[in-house]
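Subject: Structure handover, with notes on its contacts and cavities

Dear colleague,

I am passing on the structure we spoke about, together with an account of what turned up in it. Please have the sequence and the model open side by side as you read.

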Amino acid sequence: MVVPSLKLQDLIEEIRGAKTQAQEREVIQKECAHIRASFRDGDPLHRHRQLAKLLYVHMLGYPAHFGQMECLKLIASPRFTDKRVGYLGAMLLLDERQDAHLLITNSIKNDLSQGIQAVQGLALCTLSTMGSAEMCRDLATEVEKLLLQPSSYVRKKAVLTAVHMIRKVPELSNIFLPPCAQLLHERHHGILLGTITLITELCERSPAALKHFRKVVPQLVKILRTLVTTGYSTEHSISGVSDPFLQVRILRLLRILGRNHEESSETMNDLLAQVATNTDTSRNAGSAVLFETVLTIMDIRSAPGLRVLAVNILGRFLLNNDKNIRYVALTSLLRMVQSDHSAVQRHRPTVVECLREPDASLSRRALELSLALVNSSNVRAMTQELQSFLESCPPDLRADCASGILLAAERFAPTKRWHIDTILRVLTTAGIYVRDDAVANLTQLIGGAQELHAYSVRRLYSALAEDISQQPLVQVAAWCIGEYGDLLLEGSCEETEPLQVEEEEVLALLEKVLQSHMSQPATRGYALTALMKLSTRLRGDSNRIRQVVSIYGSCLDVELQQRAVEYNTLFQKYDHMRAAILEKMPLVERGGSQVDGEAKESKEAQLSETALVSTEPQASKLLDLLDLLDGTSGDAQPPPPLDPSPGGALVHLLDLPGAPPPPPSIPNLRVFEREGLQLNLSFVRPSGTPALLLIMVTATNTSGADVTHFICQAAVPKSFQLQLQAPSGDTLPAQGGLPVTQLLRVLNPNKAPLRLKLRLTYNHFGQSVQEIFEVNNLPVETWQ
């Protein structure tokens with residue numbers, strides 16, 4: 001006995017009544033078998049019912065591809081009930097990846113030519129949903145005719161179909177330019193909304209269309225003013241705001257038309273001020289319109305007073321109870337802080353209050369904006385607020401907060417003492433979260449402030465005595481005690497409280513650091529070197545220091561063991577030279593701007609040229625200097641002959657009179673520049689390895705906001721070999737701070753033309769950016 005096929009309603013009830021997934025699959029498999037049999041029999045009367053059931057099965061996630069051809073048959077049917085289900089099936093089962101979708105092009109063309117509105121609506125909906133580029137090109141003329149049809153129902157769907165066509169095939173824009181001007185006179189809000197969307201798509205994809213539609217700015221201003229000034233309308237108002245969807249669309253279009261165009265911006269200035277002052281923000285719809293108004297004001301060439309009004313609106317958003325609105329306001333202010341810094345500064349107290357938000361996304365945005373607001377006039381107050389936040393902020397924000405405070409202090413420090421105090425407080429609070437260069441920066445700062453040596457060593461000694469868990473703090477303290485331990489014991493410093501420190505206490509503290517399980521190998525190295533330096537600065541016997549150093553001569557850490565062995569040798573063989581070798585470190589000049597770096601390079605080049613023409617006695621003196629620690633007292637040996645092997649690199653350096661001339665310099669190349677971020681390439685080809693090219697990638701940031709999480713990746717053709725060295729960091733401070741450098745080693749054995757593909761990923765102005773580009777204009781000297 002053949003089980004009859006179920007109706008759609010009965011099928012839905014039976015599937016929902018299945019208690020297990022196996023029962024559901026069984027019901028669907030049986031019904032799909034009936035549907036296949038019905039399709040094979042070619043029953044035209046019940047085909048649409050079978051396809052409707054198949055579509056329901058498809059919506060549940062089961063395969064329904066065997067119904068694609070039945071969709072085409074139903075679309076070609078003259079019956080409306082068949083066409084309705086057929087077009088629905090085409091939208092669900094067909095897409096551009098299926099070749100069968102091209103077979104319905106002719107049916108859609110015939111249906112668009114009919115005068116039946118319902119059929120035209122079905123055809124337009126299907127075309128706007130799954131129409132491919134080929135279908136759009138074939139049917140663009142028919143859609144353009146329907147844009148001016150008397151029926152508002154058909155016109156609205158035709159406008160939306162035109163939007164899909166422009167997105168698929170931008171070169172069709174010329175077809176839809178003339179009807180858009182007439183459609184702007186529509187009173188039907190649905191058609192007007194679709195027309196504004198269509199004009200926006202045209203302007204974004206065609207410069208000619210952008211120039212054409214700048215003429216209709218007065219008309220757009222009139223439409224928006226009518227929406228703002230009209231009273232409550234039951235049909236279009238949402239929460240007391242007249243058609244906010246249409247207002248937002250018009251504002252977005254005005255933003256595109258007014259960008260970098262003085263006349264258009266002047267036309268819409270008064271209207272934007274009216275919208276900004278008259279829109280009710282008690283409901284979400286009004287806030288959406290107001291936010292879009294702010295974006296438009298900031299993007300066009302608006303009046304200065306209008307820009308201040310926009311910033312004040314965002315300041316009011318910060319006081320809103322809705323977290324989403326506050327987040328949007330913080331993100332927008334972060335984008336505007338560079339162009340309107342003084343206006344954003346007025347809302348600094350409100351921004352600082354947002355740091356205490358329990359929501360992690362809000363506090364992160366508030367932290368980024370707070371760091372961007374720091375300048376020379378408010379650095380003390382802002383740093384104090386940020387340090388208070390650092391003490392209680394979540395762990396995932398501590399690294400960004402600590403790095404931001406250190407960068408702000410480096411750029412805007414009013415005095416060196418304040419700078420040192422700020423860094424010490426950050427190291428004490430969140431030392432494990434600071435950047436890798438924090439230790440070097442602080443030691444450089446202390447070394448350059450001679451008048452603060454006694455103050456710094458006392459502060460660091462006190463901090464180290466309280467806590468030895470913060471490794472960067474311990475490293476700086478050990479370095480400072482080693483360099484200026486004599487000042488620590490003198491006890492004469494007017495800027496700090498009286499502190500009496502004995503030699504035994506200092507040595508015991510450094511030994512405690514060496515023995516602590518929390519100390520890293522690098523920290524132990526600092527402490528061991530500090531003990532060694534104290535052997536020349538303390539007045540007592542150095543036997544205790546010698547015993548501690550000798551213990552680490554058998555340490556498992558190779559670096560620490562080597563250092564201890566060298567110090568032991570210094571005690572035993574070169575004790576008469578120990579005081580001179582362990583003198584205080586000279587001040588190392590920090591790298592300045594790019595111009596200073598170029599001047600330094602040219603100076604080094606001049607020194608190299610001078611060395612190349614030096615006389616033989618000078619080379620002999622250099623050999624005597626290198627032979628100092630060998631313990632020999634005989635005459636220096638003459639330089640050996642040139643050795644072409646790689647192992648003879650040292651011989652090449654010493655054989656100065658006969659050295660070959662340096663290779664020709666390769667010009668630098670700038671390959672990327674966006675919003676203050678620049679990427680420059682410099683090249684060096686070692687003379688000993690002509691197939692090797694060293695590329696130094698230098699990234700600099702001249703914008704007003706830091707670039708964080710900076711990553712540079714490179715790729716070369718398969719005939720090359722590429723090795724990427726670790727970068728110097730991942731943060732580029734604002735306003736021309738320290739650059740990030742990375743070395744690329746490219747081996748080109750075939751001397752083929754070099755091409756580079758670079759990918760940059762970073763965070764800037766609160767946004768994640770990824771740039772992929774190819775460098776094809778490398779100098780010929782890099783590969784020939």
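Leaving aside its neighbours within four places in sequence, T293 is in contact with L251, L272, V275 and A276, where contact means heavy atoms within 4.5 Å. T293 has its place in helix α16, residues 284-299; helices here are DSSP runs of H or I with at least four residues, strands are runs of E with at least two, and both are numbered from the N terminus. At 0% relative accessibility, T293 counts as buried, a word that stands for under 20% relative accessible area, while exposed stands for over 50% and partly exposed for what falls in between, with a 1.4 Å probe and protein chains only. The C-alpha atom of T293 is separated by 9.4 Å from that of Q247, 46 residues apart from it along the chain.

Helix α16 also holds S287, which is buried, with a relative accessible area of 4%. Not counting residues up to four places away in sequence, S287 touches D280, T281, F317 and I325.

Before going further, please note that this is a predicted model, in which local features need pLDDT of at least 70 and side-chain atom pairs count only at pLDDT 80 or more, whereas totals for chains, interfaces and linings use all residues. Residues are numbered from 1 along each chain as its sequence is written, and side-chain values use heavy atoms, with hydrogens and water left out.

As for the whole protein, its secondary structure comes to 35 helices and 10 strands, and buried residues make up 47% of its 784 residues. Among the contacts with a separation of 6 or more, 66% are between residues 24 or more positions apart. The accessible surface comes to about 40,200 Å², of which 52% belongs to carbon and sulfur atoms; accessible areas come from the Shrake-Rupley method with a 1.4 Å probe, and for residues only the protein chains shown count as cover.

Where is empty space left inside? Rolling a probe the size of a water molecule over the atoms shows where such space remains. A search of the whole structure finds 3 cavities of 30 Å³ or more; a cavity is a set of points, on a 1 Å grid over the protein atoms alone, where a 1.4 Å probe fits but cannot get out, and lining residues have an atom within 4 Å of a point. Grid points are joined across faces, edges and corners, and a volume is the space filled by probe spheres set on the points.

About 100 Å³ of space lies in the largest cavity, and of the 10 residues that line it, the closest to its centre are L406, E410, H419, I423 and N441. Two or more residues of this lining come from each of α23 (395-412), α24 (416-430) and α25 (438-448), with α25 giving the most, 3 residues. The lining of the largest cavity divides into 4 nonpolar, 2 polar and 4 charged residues, where Ala, Val, Leu, Ile, Met, Phe, Trp, Tyr, Cys and Pro count as nonpolar, Asp, Glu, Lys and Arg as charged, and the others, Gly among them, as polar. The buried residues of α25 are A438, V439, N441, L442, T443, L445 and I446, and what covers them includes α23, α24, α26 (453-466), α27 (471-490) and α29 (521-537).

The second largest cavity holds about 50 Å³ of space and is lined by V697, A699, F710, I711, C712, P727, G729, V740, T741 and Q742. At least two residues of that lining are supplied by each of β5 (692-701), β6 (707-715) and β8 (740-747), and the lining divides into 7 nonpolar, 3 polar and no charged residues.

Lastly, some notes on loops. H185, in the loop between α10 (173-183) and α11, counts as exposed at 59% relative accessibility. E675 has a positive phi of about 50° although it is not a glycine; E675 is found in the loop between β3 (669-674) and β4 (677-684) and is partly exposed, with a relative accessible area of 47%. K751, also a residue other than glycine, has a positive phi near 55°; K751 lies in the loop between β8 and β9 (756-764) and counts as partly exposed at 45% relative accessibility.

With best wishes

How values were computed. 1 Å grid on protein atoms, 1.4 Å probe; cavity = no way out; pocket = protein on both sides within 12 Å on 5 of 7 lines; lining within 4 Å.
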